[in-house]
Amino acid sequence: MGRLTPEVDSLVEHLRNALKQVGRNGRVIHIAHSQGSVITWLAAQRLKPEECKRIEIISFGGAATICTSEFPFARCINYYSVNDPILNVVPSAVKALKSGFSFGDGMQQEIIFLASRTGDPATDHGLLNPTYLEALVWEGQRYQSLFVSPLGQMAGAAFVAPLSSTVTWFPNFAYEMTRRAFIAMVRIFSLMWELVQVTITRLLGKGERYDPILLKTS
């Protein structure tokens with residue numbers, strides 16, 4: 001499937017650099033989506049077994065499934081929306097769907113099917129739309145519980161908890177977060193501009209002046 005490309009070369013280099021940064025006892029969590037799963041599958045063929053054992057692969061709507069029966073990764077999870085049109089070109093995922101929603105090496109369930117949260121196939125394929133975002137949030141919480149210190153978990157809760165609640169009510173989290181960030185930036189720039197105007201006015205002496213009144217006394 002496929003061929004070696006500059007994208008694959010870049011990913012292999014990126015993963016190896018990440019392994020160096022986390023150290024011998026660290027673990028790299030790699031997230032892939034759609035065509036990125038094919039690039040990951042090709043890159044996996046270039047990695048050494050000892051490198052794979054320190055990497056977890058989390059794939060969403062992948063154009064290729066990545067399983068530990070083929071590569072010795074520490075963990076492989078492939079999420080698919082049952083409404084995702086990508087299933088039409090991934091035979092291994094279709095096989096898993098027909099055989100009982102499970103496919104992989106041993107007891108670990110490595111292909112997981114998700115019920116659609118939108119009912120729209122095109123929307124369901126998007127990584128940051130509700131169907132996959134809910135699983136992405138869960139993976140983030142799992143990462144925190146396993147790899148982040150209690151202090152780090154407290155800091156991360158300020159982001160993960162609002163993210164979890166947002167998934168349940170807003171159909172496009174990426175859009176909502178972009179909107180909120182834009183409003184916040186506009187307010188910040190507005191306050192900064194007012195501050196600049198006040199500062200310039202004071203420096204140029206053009207502000208309100210109250211000259212003393214000389215009172216005449218008889």
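I take buried to mean under 20% relative accessible area and exposed to mean over 50%, with partly exposed in between; the model I am reading is a predicted one.

Entry on Glu-134. With a relative accessible area of 34%, Glu-134 falls between those cut-offs, so I note Glu-134 as partly exposed. I found that Glu-134 forms a salt bridge with Arg-117, with 2.7 Å between the closest N and O atoms. Glu-134 sits in helix H6 and Arg-117 in the loop between strand E4 (111-114) and helix H5 (121-125), 17 residues apart, and the pair links distant parts of the chain. Arg-117, at 45% relative accessibility, also counts as partly exposed.

My search of the whole structure returned 7 salt bridges. In one of them, Arg-75 meets Glu-139, the closest N and O atoms being 3.0 Å apart; since Arg-75 is in strand E3 (residues 75-81) and Glu-139 in helix H6, the pair ties together parts that are 64 residues apart in sequence. I have Arg-75 as buried at 10% relative accessibility and Glu-139 as buried at 5%. Arg-142 forms a salt bridge with Glu-56 (3.2 Å, N to O), which joins helix H6 (residues 130-147) to strand E2 across 86 residues, and both side-chain partners, Arg-142 and Glu-56, are buried. Together with Arg-27, I see Glu-56, Arg-75, Glu-139 and Arg-142 linked in a network of salt bridges.

Entry on helix H2. I counted 7 of the 10 residues of H2 (residues 35-44) as buried, among them Val-38, Trp-41 and Leu-42. The buried residues of H2 pack against helix H1 (6-22), strand E1 (28-33), helix H3 (49-52) and strand E2 (55-60).

Note on methods. Residues numbered from 1 in each chain as written. Predicted model: local features only at pLDDT ≥ 70, side-chain atom pairs only at ≥ 80, totals over all residues. Heavy atoms only, no water. Buried < 20%, exposed > 50% of the residue type's maximum accessible area, 1.4 Å probe, protein only. Helix = DSSP H or I, 4+ residues; strand = E, 2+ residues; numbered from the N terminus. Contact = heavy atoms within 4.5 Å. Salt bridge = Lys/Arg side-chain N within 4 Å of Asp/Glu carboxyl O.
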